[in-house]
Amino acid sequence: MTDAVLGAVTLYVTLHSARGPLFRCAAALFSVAALLGVLRFSGLYADENPHMIVSMIAGVAAFPALTVSVMVPDSPIARKWRVSSVFLLLLATVGLSIVIYSGSRLYLNACALLAMAGIAYVSLRARRWVDVVSAVTMLVGLLCFAVKLSPITPLQPADVLHLALAVGWLGLDRSRSAAL
């Protein structure tokens with residue numbers, strides 16, 4: 001169920017965001033991962049590998065891309081489709097290679113956590129409060145998932161992560177849309 005919420009939010013952001021292509025491509029990666037999660041956990045698609053791989057790519061590529069798009073929104077990397085696509089593909093290739101060949105999720109976790117901490121820090125310095133709250137919400141969701149903790153009893157840590165990411169994506173998207 002929470003995969004569906006995250007998928008719907010990130011699909012909406014992908015299709016309607018006023019932010020640049022890099023932000024929207026990062027949202028699209030999350031949307032695909034969430035859609036695969038919905039198919040997997042609804043029983044319509046039994047193979048867990050596609051959901052796991054796309055989620056891993058989102059972790060090593062979409063989180064850093066999101067950070068770049070928020071920190072330097074007017075850069076060519078964030079504003080031009082071709083450059084955004086190449087940058088995201090490069091992040092995905094390097095990141096996936098590191099995670100697969102190292103056999104460790106450390107790089108994946110570091111990408112996600114450092115990306116959200118970076119957005120929170122830069123947004124705090126710029127006094128962009130909605131971005132700060134959005135990034136911290138995502139960071140808390142990531143930490144709950146990493147330590148397998150759910151502060152809300154009926155939810156699993158993955159559910160907390162999905163909901164925190166959905167709220168964060170909406171906040172980051174809306175804060176920029178309001179500024180434009």
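Figure 1. Phenylalanine 63 is buried, with a relative accessible area of 4%. The model shown here and in the legends below is predicted. Phenylalanine 30 is also a buried residue, its relative accessible area being 6%. A pair of aromatic rings is described by the distance of the centres and the angle of the planes. The ring centres of phenylalanine 30 and phenylalanine 63 lie 5.0 Å apart and the planes meet at 80 degrees, so this pair is edge-to-face.

**Figure 2. Aromatic pairs and the pair formed by phenylalanine 23 and tryptophan 169.** Three aromatic pairs are present in the structure. One of them joins phenylalanine 23 to tryptophan 169 in an edge-to-face arrangement, with 5.1 Å from centre to centre and 65 degrees between the planes. Because phenylalanine 23 is part of helix α2 and tryptophan 169 part of helix α8, the pair ties together parts that are 146 residues apart in sequence. Phenylalanine 23 and tryptophan 169 are both buried. Through ring pairs, Phe23, Phe30, Phe63 and Trp169 are linked into a cluster. Phenylalanine 23 also has a charged group over its ring: the charged end of arginine 19 sits there, 4.8 Å from the ring centre.

**Figure 3. The largest pocket and its lining.** The largest pocket holds about 740 Å³ of space. Its lining comprises 34 residues, and those that lie nearest the pocket centre are His51, Ser55, Phe145, Leu161 and His162. By type, the lining divides into 21 nonpolar, eight polar and five charged residues. Helices α1 (2-16), α2 (21-41), α3 (49-71), α6 (106-125), α7 (129-146) and α8 (157-179) each contribute at least two residues to this lining.

**Figure 4. Lysine 148 and the ring of phenylalanine 145.** Lysine 148 is located in the loop between α7 and α8. The residue lies over the face of phenylalanine 145, at 3.9 Å from the ring centre. Phenylalanine 145 is one of the residues that lie nearest the centre of the largest pocket. With a relative accessibility of 55%, lysine 148 counts as exposed. Most residues other than glycine have a negative phi. In lysine 148, by contrast, phi is positive, near 55 degrees.

**Figure 5. Threonine 153 in the loop between α7 and α8.** Threonine 153 is placed in the loop between α7 and α8. The relative accessibility of threonine 153 is 74%, which is over 50%, so the residue counts as exposed. From the C-alpha atom of threonine 153 to that of alanine 112 the separation is 24 Å, and 41 residues separate the two along the chain.

**Figure 6. Valine 122 and serine 123 in helix α6.** Helix α6 contains valine 122 and serine 123. Valine 122 has a relative accessible area of 25% and is partly exposed, whereas serine 123 is buried at 0%. Neighbours within four places in sequence aside, valine 122 is in contact with Met71 and Arg128. With neighbours up to four places away likewise not counted, serine 123 touches Val70, Arg128, Asp131 and Val132. The C-alpha atoms of valine 122 and valine 70 are separated by 8.9 Å, although the two residues are 52 residues apart along the chain.

**Figure 7. Arginine 127 between α6 and α7.** Arginine 127 occupies the loop between α6 and α7. Its relative accessibility is 62%, and the residue counts as exposed. Arginine 127 is not a glycine, yet its phi is positive, at about 60 degrees.

**Figure 8. Alanine 166 in helix α8.** Alanine 166 is a residue of helix α8. At 4% relative accessibility, alanine 166 counts as buried. Residues up to four places away in sequence not counted, alanine 166 touches Val5, Leu6 and Val9. Glycine 43 is 123 residues from alanine 166 in sequence, and the two are 23 Å apart in space, C-alpha to C-alpha.

Terms used:
Residues numbered from 1 in each chain as written. Predicted model: local features only at pLDDT ≥ 70, side-chain atom pairs only at ≥ 80, totals over all residues. Heavy atoms only, no water. 1 Å grid on protein atoms, 1.4 Å probe; cavity = no way out; pocket = protein on both sides within 12 Å on 5 of 7 lines; lining within 4 Å. Points joined across faces, edges and corners; volume = space filled by probe spheres on them. Helix = DSSP H or I, 4+ residues; strand = E, 2+ residues; numbered from the N terminus. Nonpolar A, V, L, I, M, F, W, Y, C, P; charged D, E, K, R; others polar. Buried < 20%, exposed > 50% of the residue type's maximum accessible area, 1.4 Å probe, protein only. Contact = heavy atoms within 4.5 Å. Phe/Tyr/Trp six-rings, centres within 6.5 Å; stacked < 30°, edge-to-face > 60°. Lys NZ or Arg CZ within 6 Å of the ring centre and 35° of its normal.
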